[in-house]
Amino acid sequence: MASFLPEIVLTSSPDGPIIAYDPHSGAIIAHFTGSRSPPKGLTLAGKSLIAASHISAAGAGSVNLYNWWSSAVFNHLPLPEPVAPLAATLDGAYLFAGGISGHVYAISLPSGRTIQTIPAHSKSVSCLEINDDGSLLVSGGDDGSIVVAPIFQLVAASPGRIKNPGNFVSQCFVGHASSVTAVRIASCNSTMVSCSADGTCKFWSLPRGLQLHTVALPCPVAGLAIDPTGSHFYAAGSDGSIYFAAMKLPSRKQTKQSLQVMKWPEKHGGPVVSLAMLNQGQKLVSGSEDGSVWIWEAEKGQVMTGLGNEMVGISHLVVARGVANSRAIGTGLGIDMEEWREKSGLGAREMSRPVRKMEEMKEKLGVAVKDRSRAIDILESAIGAYERLLELILKEAKGGGTGNNKSGRKESM
């Protein structure tokens, strides 16, 4: 049995279908039709759903939902404006969509009901990201700002438009001179990396809320990937190249060495728009506007294989792991969820704990508190009734005893 987790690479396009690839053989295993997806407009909603932003010919905005065993859209979710970037909670219960107005829409799945509208940015939302443990939503905007918000607070708030986002936003970072194109949070949740059309990658400390340092690249950057160890990051260049460098600065003496940016050999014929890690960080997959998709050996920066030959422009790519369905995908690549959990270990089980269960726990706690209060009220009422009953018994006993004494005295006379 293979040691790596089952993986599927999905690519979206503004001109063609969503395509699913087997990254190990390079073969196309499925097509999903009906979506014209803008940049960052593809995400996985849990283990059973695929979500894609869709811009119609008339310019209307919506999100299309797919499942793994059908190529057609099974649910079409209309939205009040065009949206591009998408992100979903680990359990697939909630989807977040970034609009051109700067608003982020929180959507309940699979119903498609919009439960919150968050005014996050002054310009269009350009990227969305959820951290590895599923607790934080991070959004980047064309205004150069980055907003961090706890997901639980967003989905637990009263439905409607959030009038005062400051009550729900935990941090806001401003530092880029142009659109924020991608954001990633290292697995330790302490360091965040952002990239921008201004040609920089910035490192931020989440605990302290400070900018740590900046890495300048010779071109605009559209995508990021961080290896699982958090030691290196990879940047998608608009010049068709991939750049990589160390994440950390061990000491002042090693600053120049640590900030050295390496450039991999050019392979794409157009801007690289998206990157993702494969095989537990041993491989990197890249997609370009020219339609090419390449898999690289991460350690050496060498191309291992190409995916497909569709040659339609790519707007985004994501990697699906451990699809929670035993039915066949395309040519029969169904993946059993229990087997995936066994391979993944405790960490995957903990990471897949639903946000919705947190709400259920909160509701149960509320019910328990109400039941406890009701029980106390009933007990106090019973105690009061018992006290009154005891008082009556004592009165009757006292009155009865007096009557008997009088009666006895009369008889003796």
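## Strand pairing in a predicted model

Seven bridges connect strand β5 to strand β6 (residues 61-67), and the two strands run antiparallel. The model described here is predicted. Within this pair, Ala51 has Leu65 of β6 as its bridge partner. The strands β5 and β6 belong to a hairpin with five residues between them, where Gly59 takes a positive phi near 90 degrees.

Strand β5 also pairs with strand β4 (residues 42-45): four bridges join them, again in an antiparallel arrangement. Here Ala45 stands opposite Leu49 of β5. A hairpin is formed by β4 and β5, with three residues between the strands, and Gly46 in its turn has a positive phi of about 70 degrees.

How many of the seven residues of strand β5 are buried? Six of them are, and strand β5 (residues 49-55) is therefore largely enclosed by the rest of the structure. In this context, buried means under 20% relative accessible area.

A further group of strands forms an open sheet of four in the order β25-β26-β27-β28, with antiparallel pairing. Strand β26 (residues 283-288) is the partner of β25, and Gly287 in β26 is the bridge partner of Ser274.

| Strand pair | Bridges and direction |
|---|---|
| β4 and β5 | four bridges, antiparallel |
| β5 and β6 | seven bridges, antiparallel |
| β25 and β26 | six bridges, antiparallel |

Note on methods: Residues are numbered from 1 along each chain as its sequence is written. This is a predicted model: local features need pLDDT of at least 70, side-chain atom pairs count only at pLDDT 80 or more; totals for chains, interfaces and linings use all residues. Side-chain values use heavy atoms; hydrogens and water are left out. Buried means under 20% relative accessible area, exposed over 50%, partly exposed in between (1.4 Å probe, protein chains only). Two strands pair if DSSP finds at least two bridges between them.
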